[in-house]
Amino acid sequence: MKKLLKHLSPLAPDDSGACGVLYELGGITVICDAGGCAGNVCGFDEPRWHEKKAALFSAGLRDMDAILGRDDQLVAKLADICGQINAEFTAIIGTPVPAVIATDFHALERMSERKTGLPCIALPTDGTRLYDYGESMAYEALFRRFATETLPVKPKKLGILGMTPLNTGLTRADALITAMQAQGWEEVVCFGMDSGLAEIRKASECAHILVISPSGVKAAAYLQKTFGTPFTADYPLLPAEVITQAEALRGKRVLIVHEQFAANALRKHLTDCTCKCATWFLLERQFAEAGDVRIAEEQQLIDAAADCDVVIADERFRRVLRGFAGQWISFPHYAVSGAAGQTA
Amino acid sequence: MAQTAYYITAAELAARGQADIPHELLSAKHFIYSSPATLDFNSPGAKGFGVKRAGLVIPESVMLLVAPGCCGRNTALLDELGYSERFFYLMLDDTDIVTGRYLTKIPKACAEIAAELDKKPSAIMICVTCVDALLGTDMERVCRSSTEAAGVPAVPAYMYALTREKRLPPMALARKSIYSLLEKQPRKSDECAIMGYFSALEDGCEIYDLLRGAGIRKIHEIGRCQTFAEYREISRANFSIVLNAEARYAAQDMEKNLGIPFIELVRLFRIDKIRNQYRGLGQAIGVTFDDAPYYEEAAAAIAALKQQYGDLHFAVGECMNADSFELALALTEYGFHVSEIYGTIGERNFIFLKKLAELSPETRIFSNLSPTMLNYCRETEIDAVIGADAMYYHPELPGVHFQGEEQPFGYRGVTLLFTQLAEAMRLREGGSV
């Protein structure tokens, strides 16, 4: 049956992705839920929760709040908290509850700004889509809202989009920054990881944008259109042991399952192999090769692996491919196995 | 702009009264901080016995979670506890949650699951979430259709976080569901059931000895049932002992449907009150318990801690197997000090707070769920802490989680707590913690 998961547990949802982008930006983020969605984000999808403090809260909705559409009370609570915690902006993240009652997120945004005096971003995620959809929505909203000033371009400044724990399993940006500095960039900023809202405001200073996940493409396109900042897609964070095992393959039919840019980057390390990349997440056609596929169901993964000798994927997918007799190379993806997989 | 965690002293709170609890202590009045200290508490479905895991306490059952992906995301945490083969997910998309069209797919999904498993499950728990709470889904009807389609009993599990403060909150509904498959059969006068927790009482709990001494030969607990056949034997109980108020509704159902009466007891840490409670239980079932040895053992554990470490100052949390305020009162009555409590005050435990205010008026009461806890830092004297949340706030202090799956109760609970505290103090003195 379609949409019936018999072997996998659900992958990281859109609300987790949106929260991950906003996490370090110094705002007050409110998940518009009853408590469980915030618990999922804080207790599972956000490894920084135990390392870096952030003002991320649940709206604590109750049935009558939803039934009566008490947006005014939500905004009043938001205003209360703005008096208790310093913040540069506020954000409201959607879940299934506002989706069912068709909450007007634009109205929430306006009401909140009027009441708190702070800029507000309201993102209509609904928990049914996957994390990169939520990340994409958050990146685009952030840059459209805050990256508006055209500043002199710094020729040696690189901006990186997509650096989130759900994409990379990392909670700090230093490894990527060091790697990029080794390539000649003097100033490297990973938007939303080890950097705050100020860097987003100064995004037009960047000479180039590196996008490491399809979730950053829309924001990168906005920066290109608005400031003329060029961007490229790549994933410079491939685990060394995965690269070593991939480079050793010869004459194999290989299936790589990951987020698209990570899979593409690993494909470049294969020699004399046929390869297709598959992803459960966003598949940007302009960065795909013939045969690359987007997977939405367990059976599609089984079909994709059927004619392959090697599967390179997160361990969690082994459950779906129990009958697969070929070689398995583990390529962790936090948005798949999450805290349970301890891939960070 | 306030940059400190909100607190109120016990005296101030008692003076305000139950009708005037400050908004900062009422979760419905502010946003909720899912602090790392309280994730197990505030994340239904996570590692503890949330609705999902509780639903699977019926032996040989499986669960179908019918929800958007976000609701089932953290279920993977239960894999390490051996549940990976027992969860299935029917994922909803945005059209589903607007139209409710997925309801017709649930029986088909149940049939597919039952057909695919090597061994037919004893039941399929159909877990629904806030979406169905808002849509008003008739789960009884869905379960009837699913039972028919799968040839296996289908039972609802309501993970309705939206109704957490209602008369029948999710965990009370879960308890009703897990006993709902019991069928009426002749009761046996020498059998009883202990209800309230999803896992069993700690093996050394005196209640087993006391009941056996009273002629009870078989004590049923759902947490000890290994097979569905054992589970079905629960309805042979002559009476039930309810140890958690959230199981009262399940016990009422069993009384009505199976003819099994029940008695309610409370988990306490004041040994004189424990003694009174056992006296009451004895009167109800017509026996006199000899609980003196257990009382003495618990009293000795308390005295040993006091003798060795003096009048310790404690911080008491709520992520543990005790009521924060009753335990704080017990500690105070035993001559210790309670500097801080991180807890949830309400109708159930305000009476303990009032007594605590008389003995320890300056005790500071914080709400774990208040966003201001983001600013928490210690300002009082604390020597040791109790509870996973208190340990999070004070990682440098000796403490005990006291949050194990084996449930402490009665004198044995007191003995275990004070023994563990003494051990934590000893280890810290030796520099091993």
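1. Domain bounds here come from an automatic or database domain assignment. For chain B that assignment gives domain 1 (7–30 + 291–429), domain 2 (44–179) and domain 3 (191–265). The centres of domain 1 and domain 2 of chain B, taken over C-alpha atoms, are separated by 35 Å.

2. Basis of the note. This is a predicted model, in which local features need pLDDT of at least 70, side-chain atom pairs count only at pLDDT 80 or more, and totals for chains, interfaces and linings use all residues. Residues are numbered from 1 along each chain as its sequence is written, while chains are lettered from A and ligands numbered from 1 in the order in which they are written.

3. Strand β10 of chain B. Helices (H or I, at least four residues) and strands (E, at least two) are DSSP runs, numbered from the N terminus. Two strands pair if DSSP finds at least two bridges between them. β10(B) covers residues 313–316 and pairs in the parallel sense with β11(B), residues 337–342, over four bridges. Ala315(B) has Glu340(B) in β11(B) as its bridge partner. β10(B) also pairs with β13(B), residues 384–386, over three bridges, again in the parallel sense. There, Phe314(B) stands opposite Ala384(B).

4. The open sheet of chain B. Four strands form it, in the order β7-β6-β8-β9, with parallel pairing. Its edge strands are β7 (218–221) and β9 (262–264), each pairing on one side only. From one strand to the next, the twist averages 25°; axes are lines fitted to C-alpha atoms, for helices over the stretch in contact, and angles run from 0 to 180 degrees between N-to-C directions. β6(B), residues 191–195, runs parallel to β7(B) and is joined to it by four bridges. Ala193(B) has His220(B) in β7(B) as its bridge partner.

5. Helix α6 of chain B, residues 105–116. The helix has 12 residues and reaches 16 Å from first C-alpha to last, close to the 16 Å expected at 1.5 Å a residue. The expected span is 1.5 Å times one less than the number of residues. Ile106(B), Pro107(B), Ala109(B), Cys110(B) and Ile113(B) are buried. They lie on the same side of α6(B), because they cover an arc of only 160° around the axis. That arc is taken over the directions from the helix axis to the C-beta atoms. Ala115(B) and Glu116(B), on the other side, are exposed. The classes: buried means 20 or more other C-beta atoms within 10 Å of a residue's own, exposed 12 or fewer, partly exposed in between, with C-beta atoms placed from the backbone.

6. Positive phi. Most residues other than glycine have a negative phi, and most peptide bonds are trans. Asp194(A) is not a glycine, yet its phi is positive, about 55°. Asp194(A) sits in the loop between β7 (187–190) and α10 (197–201) of chain A. Glu60(B), also not a glycine, has a positive phi of about 65°. Glu60(B) lies in the loop between α3 (51–55) and β2 (62–67) of chain B. Why do they count as partly exposed? Asp194(A) has 16 other C-beta atoms within 10 Å, and Glu60(B) has 17 C-beta neighbours inside 10 Å.

7. Lys218(A). This residue is in helix α11 of chain A, residues 217–227. Lys218(A) counts as buried because it has 20 C-beta neighbours inside 10 Å. The C-alpha atoms of Lys218(A) and Pro165(A) are separated by 19 Å, with the residues 53 apart along the chain.
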